[in-house]
Amino acid sequence: MLRSSHLRSSFIALSFTLGLALHGQEGTTKEGFALGWNKTITAVPDSLSNGAHRFPAWTISVFEADAGTALDIWKADMKAIGATVTGSKPMKALGVRIPEVPEGTMMLAMSTTDKKAKLAKLTLAFGANDSTPLAGSAAQEAHVRSLAVKYNRNVVQAQIATYEKMLGKASSKLSGAQEDVAKNRKNITKANSKLEKLKSKRSKTQTDMARQQGDIAGLEKKFALTNDPNDLEKLTKSRGKLVKIETTIAKLMSQEADVQGDLAKYQGQLEENSSEAQDRTGTQADVQRTVDALKRKMDSIR
């Protein structure tokens with residue numbers, strides 16, 4: 001039973017580890033998160049329609065995201081700077097406050113998903129109102145590019161959060177397995193101590209039994225010679241003591257057997273827990289390596 005459970009635990013952990021390793025060879029996690037960054041951040045000149053009006057714009061790529069995710073990131077970013085986001089196709093942020101444009105500027109946003117390239121294209125424009133675009137500037141372009149850096153880092157930060165949550169669970173499971181190992185080792189130590197005490201007590205009791213048997217042999221010889229009732233009484237009492245000693249030894253042997261059974265159980269549990277702890281250690285290390293890789297990836301986005 002223990003061996004079957006141990007093999008099953010080892011197989012699950014090994015499968016998880018191999019899965020990470022294989023994905024690592026491909027440069028992605030099992031969820032498809034790239035483990036490295038080899039993209040180029042650019043703000044490509046473009047245009048955006050707001051009804052009958054055309055606005056000069058810039059398009060940026062938000063990698064490993066879809067159109068909805070990119071717009072959600074942009075919307076949260078606009079709200080963070082005090083803008084009010086309304087509408088759709090395009091979305092509009094009213095009352096934008098950034099150094100690159102006049103205060104109260106409107107910002108417009110549209111996004112599409114490129115499934116093949118696994119990215120979202122986010123197109124951004126600036127306007128004085130619904131019908132009047134702002135003239136494009138290098139400062140605006142630089143700001144849009146900075147948003148590309150920020151939003152791609154946001155995507156990777158979410159990936160890191162996913163794996164940090166997994167890391168927390170892996171660490172908790174490892175801690176639990178290590179606690180089980182420590183508990184079983186403590187139980188083994190206690191059981192061994194108890195067993196030694198029982199063996200020592202049985203040894204002393206067996207010495208008492210041998211002494212009592214010698215006394216009985218002497219009393220039997222004496223009674224055979226004297227046939228004295230007093231000698232018979234002494235012999236009977238001595239035999240009674242021997243029966244009690246034998247009963248004590250039998251109980252001690254039974255207790256030893258119970259403790260040895262407990263020891264076998266604890267040893268089996270220790271083997272299983274130690275194997276699980278080793279598996280959990282490997283899993284935690286794999287998840288930690290993924291977290292570290294994703295953090296390096298985020299640092300590379302500039």
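What follows is a chat about confidence, cores, a pocket and some backbone details.

Q: What kind of model is it, and what are the ground rules?
A: It's a predicted model: local features need pLDDT of at least 70, side-chain atom pairs count only at pLDDT 80 or more, and totals for chains, interfaces and linings use all residues. Residues are numbered from 1 along each chain as its sequence is written, and side-chain values use heavy atoms, with hydrogens and water left out.

Q: What pLDDT does the protein average?
A: The average is 92, and 91% of the residues score at least 70. pLDDT is the predictor's confidence in each residue, from 0 to 100.

Q: Where is it below 50?
A: Over residues 1-25. That stretch has 26 contacts in the model beyond near neighbours in sequence, a contact being heavy atoms within 4.5 Å. Where pLDDT is low, the predicted coordinates should not be read in detail.

Q: OK, the largest nonpolar core. Which residues touch the most other members?
A: Trp74, Met78, Met107, Leu124 and Tyr151, out of 46 residues in that core. A nonpolar core here is a set of buried Ala, Val, Leu, Ile, Met, Phe, Trp, Tyr and Cys residues joined through side-chain atoms within 4.5 Å. Buried means under 20% relative accessible area, exposed over 50%, and partly exposed in between, with a 1.4 Å probe and protein chains only.

Q: Which elements supply at least two residues of this core?
A: Strands S2 (53-63), S4 (91-96), S5 (105-114) and S6 (119-127), plus helices H2 (67-80), H3 (138-226) and H4. H3 gives the largest share, 10 residues. Helices (H or I, at least four residues) and strands (E, at least two) are DSSP runs, numbered from the N terminus.

Q: What is Tyr151 in contact with?
A: Leaving aside neighbours within four places in sequence, Tyr151 contacts Ile60, Val62, Ile73, Trp74, Asp77, Met78 and Leu122.

Q: And the second core, how many residues?
A: It's a separate one of 12 residues, including Ala177, Leu195, Val259 and Leu270.

Q: Is Leu270 buried or exposed?
A: Leu270 counts as buried because its relative accessibility is 14%. It's in helix H4, and beyond its neighbours within four places it contacts Val181, Asn184, Arg185 and Ile188.

Q: How about Thr290, buried or exposed?
A: Buried, at 8% relative accessible area. Thr290 is in H4 too, which covers residues 229-300. Its C-alpha is 39 Å from that of Ala264, 26 residues apart along the chain.

Q: Switching topic: what volume does the second largest pocket have?
A: About 200 Å³.

Q: Which residues line it?
A: Thr28, Gly32, Ala34, Gly36, Trp37, Asn38, Lys39, Phe63, Glu64, Ala117, Lys118 and Lys297. They divide into 4 nonpolar, 4 polar and 4 charged.

Q: What's a pocket by this method?
A: On a 1 Å grid over the protein atoms alone, it's an open set of points where a 1.4 Å probe fits, with protein on both sides within 12 Å along at least five of seven lines; lining residues have an atom within 4 Å of a point.

Q: Last one, the backbone. Which peptide bond is cis?
A: The one from Lys89 to Pro90, with omega near 0°. Pro90 lies in the loop between strand S3 (84-86) and S4. Lys89 has a phi near 50°, a positive value in a residue other than glycine, and counts as exposed at 75% relative accessibility.

Q: And phi of Asn227?
A: Near 55°, also positive in a non-glycine residue. Asn227 is in the loop between H3 and H4, and it's exposed at 57% relative accessible area.

Notes
Points joined across faces, edges and corners; volume = space filled by probe spheres on them. Nonpolar A, V, L, I, M, F, W, Y, C, P; charged D, E, K, R; others polar.
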